[in-house]
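Please open the model in a viewer and keep the sequence panel at hand.

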Amino acid sequence: MLKVGLTGGIASGKSVVGEMFVKLGAHLIRADSIAHDLMQPGQAVYEEVVRRFGREILNPDGSVNRPRLASAAFGTPAGKARVKELNAIVHPAVVKHEDNWMEEVGRREPHAIAIVEAALILEAGVADRFDRLIVVTCRPEQRVQRLAARLGISVEAARAEAARRMAAQIPDEEKSTAADFVIDNSRSLDATQEQVQRVFGALREEAGR
């Protein structure tokens, strides 16, 4: 089985690219979805996050209000220290879940391509868990436009939000240097699809060896 990391900056189009790989036959899991599940009431990660960041981050029903949590982690004078504190709680549990998932995929399908989509693979220092690394890129202004559309906010607010989130991420140029494959998602979806098909062909050949 081939273990593949799929990463890129905020609003670069990782999820779109990931779905393209799935349609071609790859298996995919998203770190963000795992983290969301782990932050449900009753989970150990949830309890620790609430203990560290306070009940102010919760909705009336007890669920985590993700914008409030992001504000508590990113938007405080402590800055990066609080982001690291949050990541130290969440990342180990997410990585363990991903590893268990990849092992299960490998047992069922020895020549599978198992893709983990995660924004912070390089930042978390876990790239060596993967056989290959794919980085998705786009132009900075596209990132802002896409984030504005996704969150339903103004372009100005999206630009500030993108800058805030990217401050905790390695620049695309550095990520691309570390990648085995780079997919430029700044043009049409057809152009992105062509790149995905080429990369999938290379991955499938390697996985079948």
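**First selection: Ala11.** This is a predicted model. Select Ala11, which is buried, with a relative accessible area of 3%; the cut-off for that term is under 20%. Ala11 sits in the loop that runs between strand E1 (2–8) and helix H1 (14–24). Turn next to its backbone: phi of Ala11 is near 60°, a positive value in a residue other than glycine. Most residues other than glycine have a negative phi.

Select Met39, Val49, Phe53, Ile57, Leu69, Leu86 and Val90, the residues with the most contacts inside the largest nonpolar core, which has 33 residues. Colour by element to see where this core comes from: helix H2 (31–38), helix H3 (44–53), helix H4 (66–74), helix H5 (80–108) and strand E3 (113–117) each give two or more residues to it. Which element gives the most to this core? Helix H5 does, with 7 residues. In soluble globular proteins, nonpolar side chains tend to be buried together.

Centre the view on Met39 and display its contacts. Leaving aside residues up to four places away in sequence, Met39 touches Val45, Tyr46, Val49, Val64, Leu69, Leu86 and Val90.

Now select Val17, Phe21, Val136 and Leu203, which are among the members of a second, separate core of 18 residues.

**Fifth selection: the whole chain.** Return to a cartoon of the entire protein, where 9 helices and 5 strands can be traced. Followed along the sequence, their pattern is β-α-β-α-α-α-α-β-β-α-α-α-β-α. The radius of gyration is 18 Å, close to the 17 Å that the globule rule gives for 209 residues, so the protein is as compact as a globular protein of that length. Along the principal axes, the C-alpha trace spans about 50 × 40 × 30 Å.

Contacts can be viewed at this scale as well. Among those between residues at least 6 apart in sequence, 71% join residues at least 24 apart.

**Last selection: the surface.** Switch to a surface display. Of the 209 residues, 45% count as buried. The protein exposes about 10,700 Å², and carbon and sulfur atoms supply 52% of that area. Finally, colour by charge: there are 29 positive and 29 negative charges, and their mean positions are 2 Å apart.

Conventions:
Residues numbered from 1 in each chain as written. Predicted model: local features only at pLDDT ≥ 70, side-chain atom pairs only at ≥ 80, totals over all residues. Heavy atoms only, no water. Helix = DSSP H or I, 4+ residues; strand = E, 2+ residues; numbered from the N terminus. Rg over C-alpha atoms; globule rule 2.2 N^0.38 Å. Buried < 20%, exposed > 50% of the residue type's maximum accessible area, 1.4 Å probe, protein only. Contact = heavy atoms within 4.5 Å. Areas by Shrake-Rupley, 256 points an atom, 1.4 Å probe, with all protein chains shown as cover. Lys, Arg positive; Asp, Glu negative; His and termini not counted. Charge placed at Lys NZ, Arg CZ, Asp CG, Glu CD. Core = buried A, V, L, I, M, F, W, Y, C linked by side-chain atoms within 4.5 Å.
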